[in-house]
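Dear colleague,

Please find below the structure that I am handing over to you. My notes on it come after the sequence and coordinates.

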Amino acid sequence: MTVLSAGRLAAGRRRARRPADTLFRFATAACACIVLILLAGMLIRTTWAAWPAFSHSGISIVTANNWNPNVNQFGGLSFIYGTLVTSVIALVLAVPVSVLIALYLTEAAPPGLGTWLGYLVDLLAAVPSVVYGLWGVFVLVPFVTPIWQWLSSHLGFIPLFSQFASGRDFATAGVILALMITPIISAISREIFRTVPADERESALALGATRWEMIRLAVLPRSRPGVVAAVMLGFGRAVGETIAVAYLIGGIPNKITPHLFQQGSTIAANIALQFNEAASLPLFKAALIALGVVLFVITLVINVAARLIIQRRGRLT
Amino acid sequence: MSSLAARHRRDRIMTGAMIVAVLVAIIPLGFILADVIVKGAGQLSASFFTQPEPFVATASGGGFGAGIRGTIKMVALGSVVSVPIGVLAAVYLSEYDPRGPLATVVRFFADVMTGIPSIFVGIFVFTAIVLVTHSFSSWAGGLALGILMLPIIVRTSEEALRLVPGALREAALALGVRRWRTIVSVILPTALPGITTGVLLAIARAAGETAPLLLTAFGNQLLAGWGSFNGPEAALTLEIFANSRSPFPAQQARAWTGALVLILGILVLSLIARAVVARRARGAR
């Protein structure tokens with residue numbers, strides 16, 4: 001009798017409990033799904049809005065170098081070129097610096113100092129891109145212009161450095177991007193280096209390795225895939241950066257040139273700089289949205305690849 | 001094998017290179033902060049926070065009151081959208097089925113989403129809201145900021161929820177407390193400091209965004225009312241961007257002051273976020 005009523009009581013409570021619990025679980029699952037729906041929805045909605053441009057220009061949006069909105073030509077190859085050039089400059093400058101910073105903070109710095117320097121480097125990531133742009137225009141451009149001129153006149157036999165045109169150019173935009181992605185690459189590299197087991201470091205040191213030899217033997221080989229992923233995430237960030245580059249690149253379409261001290265434009269900067277002009281021209285506007293879709297696909301591929309590497313690594317360790 | 005002396009020299013050289021790398025990153029940071037303070041502090045006054053820009057471009061005085069108000073309005077809107085959704089999504093990721101297929105996929109794409117260019121989010125909201133309503137608006141700007149905040153809140157809240165000791169969950173469930181009740185009354189309050197930190201960091205990130213607002217809020221030199229959300233809206237970052245591209249010294253000076261206010265705001269948010277975490281760490285001990 002008692003057993004029966006206790007069982008009935010439990011069953012009744014379970015039934016009463018079920019709706020609230022099920023509902024709450026469903027609500028949280030729905031919110032989790034919003035992330036996925038949002039990503040898919042963003043791609044679909046923007047592709048749809050860009051469709052007039054895709055059907056007008058087809059593949060030439062990404063293969064032709066003729067961006068002349070006033071005659072309805074929308075070949076955006078030069079923007080892709082500018083995006084890649086500035087991002088590669090940023091990587092060339094930022095990767096060695098970021099990896100060395102991460103090594104110093106995890107392996108060499110005195111513990112207290114390391115934490116503080118880590119905060120400071122992270123602070124670089126907290127500076128908004130509009131401030132980087134403002135500082136870039138009024139402080140960095142006057143500072144680098146004589147350096148670029150000097151490089152141009154002394155190393156001008158290298159095409160990269162010849163034909164100086166302006167302090168607002170691919171090179172300056174690359175420098176500001178390098179500053180912006182350094183905290184990202186070094187923060188992720190730091191996490192990666194920290195996962196190297198202590199006994200591997202200690203084995204190397206016990207065998208008489210110096211600190212640098214220990215880093216080369218124990219830390220770097222194990223961390224290579226993770227650092228590659230960190231670099232890719234930095235690259236993705238550089239590719240998508242808009243405002244700071246819009247300030248510093250000059251904003252000149254159709255420039256595909258090996259000379260780094262000349263003005264050009266990037267996908268993101270061009271969207272920001274030309275969006276107002278396009279307000280009353282539907283096809284122009286659709287073409288800018290199409291550039292946005294191209295940018296989204298590029299960064300999506302980079303980020304998915306980087307995250308896959310990090311995830312696989314996480315499973316291994 | 002090189003000699004011991006050569007190996008030690010190499011070690012010292014590489015340590016020196018590491019220190020140089022740290023300086024290479026920190027010196028520009030010092031210059032940026034110093035320049036913003038030196039060029040921006042002069043015009044800083046109470047009226048900078050409340051007054052709109054003067055109508056005459058060359059006139060000094062006035063302030064970014066419109067932008068500061070707009071940024072607060074739109075960040076608040078973004079938070080209202082993204083905090084509940086983000087925290088509930090994090091609850092699913094950490095409390096229900098953390099290793100299941102949905103959680104794995106959502107976690108992965110939330111990480112991917114943090115790397116999506118903010119201007120693309122602006123383009124999306126432009127096509128989804130501005131083209132439909134035929135007007136730039138605070139709604140559109142706030143929604144764009146909310147979308148940018150969402151993945152940050154999901155991931156930081158999940159981390160915070162995972163730090164809640166399993167014993168606490170089991171104790172509540174063993175007492176016969178319902179699952180959702182356990183989450184709402186035990187787990188979420190315990191994780192609150194961590195979640196707060198994540199939300200503050202997301203707010204700091206959103207407040208510094210320019211590109212998405214260019215296409216959604218558009219900008220506005222006039223003070224819009226606190227309650228008006230249907231028209232073009234100013235933002236602190238948009239006013240910095242517009243004024244810094246002007247040839248007139250008065251506008252450039254205001255841009256620097258705006259940058260100072262923006263950086264100070266973001267620093268304060270980050271410091272509060274760190275203080276919340278630090279207090280929790282002390283409390284746990």
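The following paragraphs set out what was found, beginning with the basis of the values.

This is a predicted model, in which local features need pLDDT of at least 70 and side-chain atom pairs count only at pLDDT 80 or more, while totals for chains, interfaces and linings use all residues. Residues are numbered from 1 along each chain as its sequence is written, chains are lettered from A and ligands numbered from 1 in the order in which they are written, and side-chain values use heavy atoms, with hydrogens and water left out.

The interface

Contact (heavy atoms within 4.5 Å) involves 80 residues of chain B and 78 residues of chain A. The buried area, that is, the accessible area (1.4 Å probe) that two parts lose on being put together, summed over both, is about 7200 Å² for chain B and chain A, with 80% of it on carbon and sulfur atoms. Of the area that chain B buries against chain A, 9% is supplied by Met18(B), Phe108(B) and Phe120(B), more than by any other three residues.

Nine residue pairs are in polar contact across the interface of chain B and chain A, both residues being at pLDDT 80 or more. A polar contact is a pair of N or O atoms within 3.5 Å; within protein, one must be able to donate a hydrogen and the other to accept it, and residues adjacent in sequence count only if both atoms are side-chain atoms. Helix α1 of chain B (residues 4-40) gives the largest share of the side that touches chain A, namely 22 residues. Helices here are DSSP runs (H or I, at least four residues), numbered from the N terminus. By class, that side of chain B has 59 nonpolar residues (Ala, Val, Leu, Ile, Met, Phe, Trp, Tyr, Cys and Pro), 11 charged (Asp, Glu, Lys and Arg) and 10 polar (the others, Gly among them).

Salt bridges

Over all chains there are 13 salt bridges, each a side-chain nitrogen of Lys or Arg within 4 Å of a carboxyl oxygen of Asp or Glu. One salt bridge is counted between chain B and chain A: Arg7(B) meets Glu213(A) at 2.8 Å, N to O. Arg7(B) counts as buried because its relative accessibility is 14%, buried meaning under 20% relative accessible area, exposed over 50% and partly exposed in between (1.4 Å probe, protein chains only). Glu213(A), at 17%, is likewise buried.

Within chain B, the side chains of Asp111(B) and Arg155(B) meet at 2.8 Å, N to O. Asp111(B) lies in helix α4 (residues 101-113) and Arg155(B) in helix α6 (residues 138-162), so the pair ties together parts 44 residues apart in sequence. Both residues are buried. Salt bridges with shared partners join Arg107(B), Asp111(B), Arg155(B), Glu158(B) and Arg162(B) into one network.

Trp67(A), Phe74(A), Phe79(A) and Phe284(A) form one aromatic cluster; rings of Phe, Tyr and Trp (its six-membered ring) pair if their centres lie within 6.5 Å, and planes under 30 degrees apart count as stacked, over 60 as edge-to-face and the rest as tilted. Asn270(A) is found in helix α10 (residues 267-274) of chain A and is buried, at 2% relative accessibility. Seven of the eight residues of α10(A) are buried.

With kind regards

Terms used
Helix = DSSP H or I, 4+ residues; strand = E, 2+ residues; numbered from the N terminus.
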